[in-house]
Amino acid sequence: MKGENEKEKRQYKRPLTAKFVHSVRAAGKYYDGPGRGLYLRVTPRGYKYWETRLTINGRRRTRGLGPYPAPSLKEAREQAQELRIRVRKGEDPFVGRGVPDLTFAEAAAHAIADRQSQWSNLDDMKQKWLGVFERYVYPKIGHCPVSAITPHDVIDVLRGVEKSFRRSLPTVHQRMGVVFKWSKTNGHCTDNPVADVVLKDVFGAAPSVRHHRALPHAQVGDAMALVCESNAWLGIRLLFLFLVLTPPCARTRHAAPRGRKSISRLRAGRCRQPA
């Protein structure tokens with residue numbers, strides 16, 4: 001860790017090299033020497049992309065130049081230099097840059113497609129990501145250009161998640177951040193408003209989860225008999241038996257797609273209770 005920190009610090013003092021850019025794996029920002037404003041950002045997953053800092057009307061702004069290796073180190077330097085020249089001439093390189101102004105829904109589709117190579121279960125993961133966006137995000141900001149979305153808009157989306165299902169807050173926050181990172185890298189927006197929203201600061205610490213003590217195996221049979229003899233609705237009793245008797249499916253979210261078949265088996269006596 002110490003060696004990696006020293007290596008990163010040295011990048012402030014001397015320019016990057018093509019060999020270093022190609023081989024670096026440690027996550028962080030690697031500056032192309034002092035005063036240039038150009039740096040290579042490496043994510044924890046090893047994804048690399050170029051960014052450059054510009055000061056326009058006294059405000060520091062960040063412009064994405066694209067993912068490595070296109071542009072290369074040489075091309076990224078040329079792009080950064082061209083942007084600095086335009087700023088010195090009084091131009092704003094963020095105005096009329098020829099990049100389509102995508103909505104959040106359009107950017108999300110591109111970001112999801114960009115991550116598909118990392119997923120082993122492609123259809124399932126894609127459906128989960130789209131399900132989160134369609135339920136919580138698209139109704140509020142799906143039609144908005146990513147360049148116009150502010151931290152206030154992000155908080156508004158997350159407020160709706162908090163009212164509906166608080167435990168989904170980290171998931172929605174993280175996946176929105178992925179979309180804005182993709183948008184920023186590809187020049188569709190200059191800022192990532194999700195990065196300015198810290199869940200703990202806005203919504204407070206997540207409530208602690210209290211887990212119940214596991215029931216000794218020798219007592220499971222008596223517990224199941226007690227449930228079967230109770231006055232609870234038949235569907236509840238059968239679903240409880242289903243969850244206990246099928247360890248690979250011992251999560252309530254799996255009960256719905258497999259419940260009917262398993263309940264029929266329980267009624268027919270084809271599942272045995274533990275002794």
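**Close-up 1. Tyrosine 39 faces glutamate 51 across strands β2 and β3.** In this predicted model, tyrosine 39 stands opposite glutamate 51 of β3. The two strands, β2 (residues 38-42) and β3 (residues 48-56), pair in the antiparallel sense over five bridges. Follow the chain from β2 to β3 and you pass through a hairpin with five residues between the strands. Look for glycine 46 in that turn, where phi is positive at about 90 degrees.

**Close-up 2. Strand β1 pairs with β2.** Here β1 (residues 28-31) and β2 are joined in the antiparallel sense by four bridges. A handy pair to pick out is tyrosine 30 and its bridge partner in β2, leucine 40. The hairpin of β1 and β2 has six residues between the strands, and its glycine 33 takes a positive phi near 80 degrees.

**Close-up 3. Strand β2 is largely enclosed by the rest of the structure.** Of the five residues in β2, four are buried, so the strand is largely enclosed.

**Close-up 4. Helix α5 meets helix α7.** The axes of α5 (residues 122-141) and α7 (residues 169-185) come within 11 Å and cross at roughly 85 degrees. An angle of 65 to 115 degrees counts as roughly perpendicular, and α5 and α7 are therefore roughly perpendicular to each other. On the α5 side, the contact is made by Lys128, Trp129, Val132, Phe133, Tyr136, Val137 and Ile141. Helix α7 contributes Thr171, Val172, Arg175, Met176, Val178 and Val179. Sorted by class, this contact has ten nonpolar residues, one polar residue and two charged residues.

Note on methods: Residues numbered from 1 in each chain as written. Predicted model: local features only at pLDDT ≥ 70, side-chain atom pairs only at ≥ 80, totals over all residues. Heavy atoms only, no water. Axes fitted to C-alpha atoms, helices over the stretch in contact; angles between N-to-C directions. Parallel < 35°, antiparallel > 145°, perpendicular 65-115°, else oblique. Contact = heavy atoms within 4.5 Å. Nonpolar A, V, L, I, M, F, W, Y, C, P; charged D, E, K, R; others polar. Buried < 20%, exposed > 50% of the residue type's maximum accessible area, 1.4 Å probe, protein only. Pairing = 2+ DSSP bridges.
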